[in-house]
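Subject: Handing over the two-chain model

Dear colleague,

I am passing this structure on to you, and below it I have written up what was found. Please keep it open beside you as you read.

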Amino acid sequence: MSPSLIPLLTLMSPAFPVGAFAYSHGLEYAVRARVVGDADAVLDWIETLLRYGTGWCDLLLFAEAHRAAAEGDEARLAGVGELALALSGSAERRLETIGLGMAFRQASRPWEASPDDGDVAVAYPVAVGQLAGRLGLALDEALAAFAHGFAANLVAAAVRLVPLGQSQAVALLRRLEPTLVELADKAVHSDLDALGSAALFSEISAMRHETQSPRIFRS
Amino acid sequence: MDEALTETGESASTYSAELQRARGSAAVIVHQREGKSRLSRLYQEGCLKLRFPRLPAPGLTAVAINTAGGLTGGDRLTQEFRVEEGATLTATTQSCERIYRASAGRAQVATRLVVAPRAALSFLPQETILFDGGRIARTLDAEIEATSRLLMVESAVLGRQMMGESVTSGSFADRWRVRRDGRLVFADDLSLQGDVFGLAGHAATLGGARAFATVLLHEPEVSARLEGVRALIGAAGGASAFDGLLVVRLLAESGHMLRKTLVPLLSALAESALPPVWSI
């Protein structure tokens with residue numbers, strides 16, 4: 001068995017206390033605007049983010065943070081930390097990634113309390129990638145687990161918003177499996193030059209969510 | 001500035017192998033003298049020319065002209081606009097930039113913007129039109145300070161719409177990096193590769209839209225503008241303010257429809273008349 005498996009199952013569990021359930025990553029607006037209305041549309045939304053949007057970019061940021069931490073390269077780590085925050089291009093995108101990142105740092109103290117924990121804002125993929133790199137968790141498995149967490153959280157948001165039944169949610173995760181494997185593998189062999197997003201409406205949804213009322217998610 | 005200009009430098013042998021490809025560089029420094037914004041330095045080379053029309057606007061206006069008349073694989077433009085303390089510059093283009101089908105490689109456009117304290121720069125190039133088979137990679141690097149004012153836009157139209165053209169193979173990449181007081185405060189990597197129309201059909205990407213724009217404004221107290229901007233753009237896009245920045249993203253079914261929102265938006269944010277090229 002891979003020694004990475006057990007810590008990854010814990011750190012990436014939906015029960016890991018980072019409060020991920022509070023964020024829809026703009027999906028709440030897309031559902032309210034009737035752009036996303038059924039399981040197939042949810043699947044397309046999530047796959048698009050993983051291939052051509054924030055999901056893909058987060059995998060690259062995660063991998064960069066993992067490599068920098070594994071090599072103990074603090075300058076490189078600071079660089080990807082700054083880039084990850086700068087790439088979060090609206091108020092709620094920053095709120096979400098910093099909220100998750102800071103909560104992850106706090107919750108992962110039993111694994112490692114690093115000296116730079118403090119109150120410095122950190123983006124979620126960088127916080128997780130950094131710890132995974134420091135712990136020596138295998139990059140490919142860590143990326144797959146992180147991609148799965150990204151998708152599973154959006155599926156969970158869709159269950160509440162669309163709404164979807166639990167069996168539909170599980171079927172969606174099953175259908176996402178090949179994409180998650182493919183993109184985690186692709187991210188292992190890519191660097192930050194591969195950053196790129198076509199998900200403009202997802203960005204607009206995140207912006208428009210800021211004034212959405214009523215709403216149940218923080219993003 | 002000279003340093004930045006030589007960054008385009010490749011070896012002489014590489015250059016001669018691609019001699020048929022268009023090359024253009026331009027660099028401008030604007031400073032304030034006797035209460036007016038004046039040209040302090042101008043450099044231009046190759047197919048990129050700058051003109052400075054006399055306009056009633058308070059600052060200086062620079063209009064870039066690509067005399068190659070469009071861009072294709074291997075073409076390279078480099079431009080730098082630097083505005084010194086207290087000065088105001090508006091930079092635009094004489095026409096839309098057409099990205100022609102590339103037989104090999106991609107066109108590259110590198111832009112550097114430097115805005116000093118209490119200086120203002122509006123970087124407002126007209127739309128880029130991506131023809132089927134066109135390939136372009138743009139970079140936009142801005143260096144600003146806490147009291148700098150920077151307004152910038154990049155907008156694009158997919159395909160020659162009058163001809164009903166589909167873009168089934170193409171490449172569009174736009175990389176923005178904005179540093180304030182040396183710290184990276186905004187980064188954006190837009191990338192549409194391959195079957196661009198197919199990609200644009202997904203709900204999370206363009207939802208079938210054919211034109212898009214991103215606008216960024218940095219100025220002190222920028223968040224006070226957010227409500228007005230949201231009212232102005234309506235359902236055409238989204239706007240957000242954070243960390244001293246205002247970011248607006250727009251989607252539209254055509255270049256014409258995009259301008260219907262973009263022109264009033266830029267007029268409101270520019271605080272002076274837009275260059276005449278920016279009409280609906």
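This is a predicted model: local features need pLDDT of at least 70, side-chain atom pairs count only at pLDDT 80 or more; totals for chains, interfaces and linings use all residues.

Residues are numbered from 1 along each chain as its sequence is written, and chains are lettered from A and ligands numbered from 1 in the order in which they are written.

Leu87(A) has its place in helix H5 of chain A, where helices (H or I, at least four residues) and strands (E, at least two) are DSSP runs numbered from the N terminus. With 25 other C-beta atoms within 10 Å, Leu87(A) is buried; a residue counts as buried if 20 or more other C-beta atoms lie within 10 Å of its own, as exposed if 12 or fewer, and as partly exposed in between, with C-beta atoms placed from the backbone. Tyr23(A) is 64 residues away from Leu87(A) along the chain, and their C-alpha atoms are separated by 18 Å.

Helix H5 (residues 74-87) also packs against helix H4 (residues 54-70) of chain A, their axes coming within 9 Å and crossing at roughly 165 degrees. Here the axes are lines fitted to C-alpha atoms, for helices over the stretch in contact, and angles run from 0 to 180 degrees between N-to-C directions. H4(A) and H5(A) are therefore roughly antiparallel to each other, since angles under 35 degrees count as roughly parallel, over 145 as roughly antiparallel, 65 to 115 as roughly perpendicular and the rest as oblique. On the H4(A) side, Cys57(A), Leu61(A), Glu64(A), Ala65(A), Ala68(A) and Ala69(A) meet Arg76(A), Leu77(A), Val80(A), Ala84(A) and Leu87(A) of H5(A).

Stepping back to chain A as a whole, its secondary structure comes to ten helices and zero strands. Its radius of gyration is 16 Å, close to the 17 Å that the globule rule gives for 219 residues, so chain A is as compact as a globular protein of that length; the radius is taken over C-alpha atoms, and the rule is 2.2 Å times the number of residues to the power 0.38. The C-alpha trace of chain A spans about 45 × 40 × 35 Å along its principal axes, and buried residues make up 53% of the 219 residues. Among the contacts in chain A between residues at least 6 apart in sequence, 80% join residues at least 24 apart.

Where the two chains meet, 32 residues of chain A are in contact with 29 residues of chain B. Helix H3 (39-52), H5, helix H6 (91-107) and helix H10 (200-209) of chain A each supply at least two residues of the side that touches chain B, and the largest share of that side, seven residues, comes from H10(A).

In chain B, an open sheet of seven strands has the order S2-S1-S5-S8-S11-S13-S14, with mixed pairing, two strands being paired if DSSP finds at least two bridges between them. Strand S2 (36-46) and strand S14 (183-194) stand at the edges, each with a single partner strand, so one side of each is left without a neighbour in the sheet. The twist averages 5 degrees from one strand to the next.

Strand S1 (residues 23-33) of chain B runs antiparallel to S2(B), to which ten bridges join it, and Val30(B) has Leu39(B) as its bridge partner in S2(B). With S5(B), by contrast, S1(B) pairs in the parallel sense over eight bridges, and Ala26(B) stands opposite Gln79(B). S5(B) pairs likewise in the parallel sense with strand S8 (residues 107-115) of chain B, over eight bridges, where Gln79(B) stands opposite Thr111(B). Eight of the eight residues of strand S5 (residues 76-83) of chain B are buried, so this strand is largely enclosed by the rest of the structure.

Lastly, Pro53(B) lies in the loop between strand S3 (48-51) and strand S4 (60-66) of chain B and, with 12 C-beta neighbours inside 10 Å, counts as exposed.

With best wishes

Notes
Two residues are in contact if their C-beta atoms, placed from the backbone, lie within 7 Å.
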